[in-house]
Each structure stands twice: as C-alpha cells, then as structure tokens.
Amino acid sequence: MKKALSPVAFGRIDETDDHLFYAEPRIVTHIDDNAIAAIQDFFDRTLPRNAVILDLMSSAFSHLPEGFPTERMVGLGLNAVELQVNPVLDEYVIHDLNANPTLPFDDGEFAAVIMTVSMQYLTKPVEVFREVHRILQLDGQFIVIFSNRLFPTKAVYIWRVTSDAEHAELVQHYFCLAGGYAKITFLDCTPQTDEYTDPVYIVMANKGEVP
Ligand SMILES: C[S@@+](CC[C@H](N)C(=O)[O-])C[C@H]1O[C@@H](n2cnc3c(N)ncnc32)[C@H](O)[C@@H]1O
C-alpha cells in the first residue's frame, strides 16, 4: 500500500540550516572497521565496474574496495574539505538535499547511486528517491546502506523512534512511494564475528519504468 507519511515524521531536534552542523570537517569514519569491510565486500560484488557512480551524502570516505575501477566518481555532500580528501572522488558538489531535493545532474547520468549511513538525515526522502530515479540509467542501481549510529539532533523523528527492522521497512516504503523502482531488496550484511560490530543493512532497487 502506498501510504504517505505525515510531515511530523520528518521533524528534527535541530532544525537550523544543515550547512551549520556540517561546517567543521569530520575526517572520520562513522562505522567500525568490520562494518566498512562488509560494505567494501558488498560493493565489490555488486557495483558495476568502469561506470559513472554518485556517492550521495558523501564525505571523506566512500568505502569502495581498494583499486575499484570507476569511469567517473562524483560525491555530493555538505563539507568541501571532507569531499576534497576523499581519495576516490573525481569531482564533488556541495548541495543541501533538505533545502533542495532536486539533484544537480542530468537524466540518466549514473549507472549507480550509493548512499551510506546517511538515510536518517533526509527530511524529504521520497522527493530525493524520485530524483535518484531520474538521474539513473535504466536498470541502474540505488543502494542505501544504514547502520544504527546517528547524530540524534539531525536525524528525523521517524528514524529515532523506530528499530533497525522498522528502518528496513521504512526505506523500502520510500522506494515504493517514489515509484518506478523494481527489485526492491533488503539485505542484512552485518559481519558474522564474535566481537561487537556495527550492523550493516542494505535496501537497494533498480530503476524500472518512469513513475
Ligand atoms: C554520517 S555522515 C556519512 C558520510 C559518508 N557517506 C560515510 O559513509 O562515511 C553523513 C553525511 O551526510 C551529509 N549530509 C547531511 N545532511 C545533508 C543534507 N541536508 N544534504 C546533503 N548532504 C547531507 C553530510 O555531509 C555527511 O557527510
């Protein structure tokens, strides 16, 4: 069922301009090494090689496997210093998706779009998912990866009050509401180790017909 979500769901504790929160560069990883290794392994198995890829809500690290070949790797985020030091980006764009969900890219420009541990900060996720659909090539992939960490003041209400399992349902619901996506799939890629590891959850889909 395509049930719309109330705007209340997307309220945040800190409603100030997102540029302020991300003004200071954070050259850090936001998940632990086991989780990063699981993401790299997933990308290695899943992302197209020698393709044009967008890292949405990007910063200093895109978590591609070492030496992964791309034709063109673009990052979109809010902090120029973080994006400048990201070793895999060929170019970057500073763009606030909450202020303006329209993506500054052409129709069909990308073979894949990735968005890693940032889903919880989007206040207009369905609009952004529609835009990702527009900029993907037919059958291109949108891969949304999330864990259980967050900056609570900037995360939307619905993410803060729901569980990991409900986050997976929510992201699938965003894909459904956006329309035009096929093969919507949930994967639990959490590393299987005896020590603690951050969880790694993935919801991905391919561009189907135009919504
Ligand atoms: C937790 S970090 C994740 C960064 C990176 N994807 C990673 O895997 O390490 C969240 C990122 O979301 C970006 N971000 C937050 N709010 C944003 C907004 N309104 N528009 C665009 N990017 C945003 C920030 O620039 C920040 O780099």
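A nitrogen atom of the ligand lies 3.0 Å from a backbone N or O atom of Thr 116, a polar contact in the sense of a pair of N or O atoms within 3.5 Å. Taken alone, the ligand exposes 580 Å², and the protein buries 98% of that (accessible areas by the Shrake-Rupley method with a 1.4 Å probe). The model is a predicted one, in which local features need pLDDT of at least 70 and side-chain atom pairs count only at pLDDT 80 or more, while totals for chains, interfaces and linings use all residues. Residues are numbered from 1 along each chain as its sequence is written, and side-chain values use heavy atoms, with hydrogens and water left out.

A polar backbone atom of Ser 58 is 3.3 Å from a ligand oxygen atom, and an N or O atom in the side chain of Asn 98 is 3.3 Å from a ligand nitrogen atom.

Around the ligand there are 17 residues, of which Asp 18, Met 57, His 63, Asp 96 and Leu 97 come nearest; a residue is near if one of its heavy atoms lies within 4 Å. The shell divides into six nonpolar, eight polar and three charged residues.

What of the cysteines? The count of disulfides is zero, a disulfide being a pair of cysteine sulfur atoms within 2.5 Å. Cys 189 is buried, at 17% relative accessible area, whereas Cys 176 is partly exposed, at 35% (buried means under 20%, exposed over 50%, and partly exposed in between, with a 1.4 Å probe and protein chains only).

How values were computed
Polar contact = N/O pair within 3.5 Å; in protein donor to acceptor, adjacent residues only side chain to side chain. Nonpolar A, V, L, I, M, F, W, Y, C, P; charged D, E, K, R; others polar.
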